[in-house]
Each structure stands twice: as C-alpha cells, then as structure tokens.
Amino acid sequence: MDDIERLHEMIAGATRMVAFTGAGISTESGIPDFRSPGGIWTKYQPIYFDDFMSSDEMRREAWRRKFATDATMQQAEPNAGHRALAKLVEQGKMTAIITQNIDGLHQRSGVPDQKIIELHGNTTYATCLDCGQRYELAPIRKAFEGKGELPICEKCDGILKTATISFGQAMPEIQMARAQDETMGCDLFIVLGSSLVVYPAAGFPQIARRKGAKLVILNRDPTDQDDKADLVIHGEIGPTMSRVVGVN
Ligand code: NAD
Ligand code: ZN
C-alpha cells in the first residue's frame, strides 16, 4: 500500500478528524510561506508586538509591508488542498480546521466560519487593540498612502493593527481553548504545510497524539515532529490531497 492509499484508509476509518494547517497549504495559491527558500523571512525580519506598540516608525514599517504584499493576498484563490479539506468538513468527517494562516482562504473555500479556528488571526481586516472594533483595510490604506496617516480608532483613539497575532503578542484565548478541545476530541489529526516550529501552535499535534489520536504530517520538507507521527508524507499538498480525497 502506498502513502496515498494509507492516508485514504486512515481517513475512511476516522470518525472525528482535525486538520492543522500552516503557510504551506497556501503556497500553491501564490502566497509565500516564511521558511522555504524565497519565503518571507528571506526578505523581512519579523516585527515584534512590543516594537509595534512602542514605535511610530515600526507601525509605519508594518503598514508599508502590509500594503506592499497585499495584492498577492487579495488575488489568491483557494487551491486543491483547501478544497479537499472543505469536502471533508462538508462530509461531516472533519470537525475543525485549526489554522496558523492569516489569509482567509479556508473561509473562501466554503468552510463555515464556526469550523475554522484561527490561531494567529486574520490579515484581511484590522482591529482596534483597545476596544476590538473592526476596520476594513481600504480606507486605512488610502489615508496611509495619501497623507501618511497611521490609523487610530474612531471610537477610543486606540492603535489599529491588522487582526493578526504578532510574535510577542498574547494568543487569542477563545481560539486556543477551542483548538485544545477539538484536538483532545479527535481520532485523526492531520498537519498540512507547517514546519511545526512556532509555539504554542506547534504543540497541538503532540496533544492529539497523547490523547490517542493518529497523527499524520503532510509537508514538503521534514519537520521536527516527523518521528512522532503515524504517517509522514513529504509531498505537495494540493496534488496529494486531490488524490486522497478526490477533488480537483
Ligand atoms: P512555515 O513557513 O514555517 O512552514 C511552511 C512549511 O510548509 C514548510 O515546512 C514547507 O516545506 C511546507 N510547504 C510549503 N509549500 C508546500 C506545499 N505546496 N506542499 C507541502 N508543503 C509545503 O509556516 P508555518 O509553519 O505556518 O509558520 C509560519 C507562521 O507564518 C504561521 O504562524 C503563520 O501565521 C504565518 N504565515 C501565514 C501565511 C498565510 O496566511 N498564508 C503565510 C506566511 C506565514
Ligand atoms: Zn477602539
């Protein structure tokens, strides 16, 4: 039996699956990941949350980067990997997609919001860091690029930031608790496209395993947790999942 057949059988035998996705599931949609050659880290150093908060210049740099890369994000469409997971959710096999991604592509592939757990937030809109008010990006961009204005909250004068979790920023409590529940309740946990080095997110596969779930890692490159998985496939997500689930 080859790896595709093994994964197919594991999915057939599972009653409650959880997917855990990282930047690698979106590279086939044209969004670069962080750690592959040519990835985002080869161009930019991350901006830590405290620096964003304490320095106008860092906030300016963060918004500059955001808008410099936004066209790629906006033009991206879900790919076969996203569609395969959407199908498993629709079939009632997969109860949740825990994602580290911030691109909104799982939502756009048709997965209902309540099945998606965003551990690192979402970069397709902004929020006020004080009162949580949501803001769309287009007017922020216009004021930033036109008048050099840094966005502040109309309601409370708080600082606005894309609704993502930066390094050094607290993890979202509700999403972390939901991810924990889903992970502990599943019988098959599938990692797709994550180097599994960003904690606490990368801790979930081992939580699943300790609770008795089978662990599958599908990633182009080896990860630190490969030796702890029941099945490891080093391959491309879209083509692999198309064959496993039967989507185009
Ligand atoms: P990462 O960049 O550390 O790792 C991505 C992994 O995916 C790599 O190991 C690579 O081998 C693999 N990969 C890339 N393309 C693949 C493909 N087509 N098929 C199979 N494997 C593939 O990403 P990470 O583990 O998600 O951690 C980085 C952090 O960066 C995350 O927290 C996430 O929030 C953020 N991020 C998000 C996006 C996005 O939303 N699309 C993009 C870049 C970074
Ligand atoms: Zn506010």
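Hi everyone, let's start with the place where ligand 1 sits. Domain 1, made of 1-30 + 78-120 + 171-248, and domain 2, made of 32-75 + 123-164, each contribute residues to the shell around ligand 1, so the ligand lies between them. Please keep in mind that this is a predicted model.

Who are the neighbours? The shell holds 28 residues, and R35, Q100, H120, S195 and D221 come nearest to ligand 1.

Let's look at some individual contacts, beginning with the backbone. In Q100, a backbone N or O atom lies 2.4 Å from an oxygen atom of ligand 1. G193 also brings a backbone N or O atom, this one 3.4 Å from an oxygen atom of the ligand. With S195 we move to a side chain: an N or O atom there is 2.5 Å from an oxygen atom of ligand 1. And how much of the ligand does the protein bury? On its own, ligand 1 exposes 850 Å², and 96% of that is buried by the protein.

Now, let's turn to a helix. Helix α1 covers residues 3-13, and I4, L7, M10 and I11 are buried in it. Why do these four count as being on the same side of α1? They cover an arc of only 125 degrees around the axis, and therefore they share one side of the helix.

Terms used: Residues are numbered from 1 along each chain as its sequence is written. Chains are lettered from A and ligands numbered from 1 in the order in which they are written. This is a predicted model: local features need pLDDT of at least 70, side-chain atom pairs count only at pLDDT 80 or more; totals for chains, interfaces and linings use all residues. Side-chain values use heavy atoms; hydrogens and water are left out. A residue is near a molecule or strand if one of its heavy atoms lies within 4 Å of it. A polar contact is a pair of N or O atoms within 3.5 Å; within protein, one must be able to donate a hydrogen and the other to accept it, and residues adjacent in sequence count only if both atoms are side-chain atoms. Accessible areas come from the Shrake-Rupley method with a 1.4 Å probe; for residues, only the protein chains shown count as cover. Domain bounds come from an automatic or database domain assignment. Buried means under 20% relative accessible area, exposed over 50%, partly exposed in between (1.4 Å probe, protein chains only). Helices (H or I, at least four residues) and strands (E, at least two) are DSSP runs, numbered from the N terminus. The arc is that of the directions from the helix axis to the C-beta atoms.
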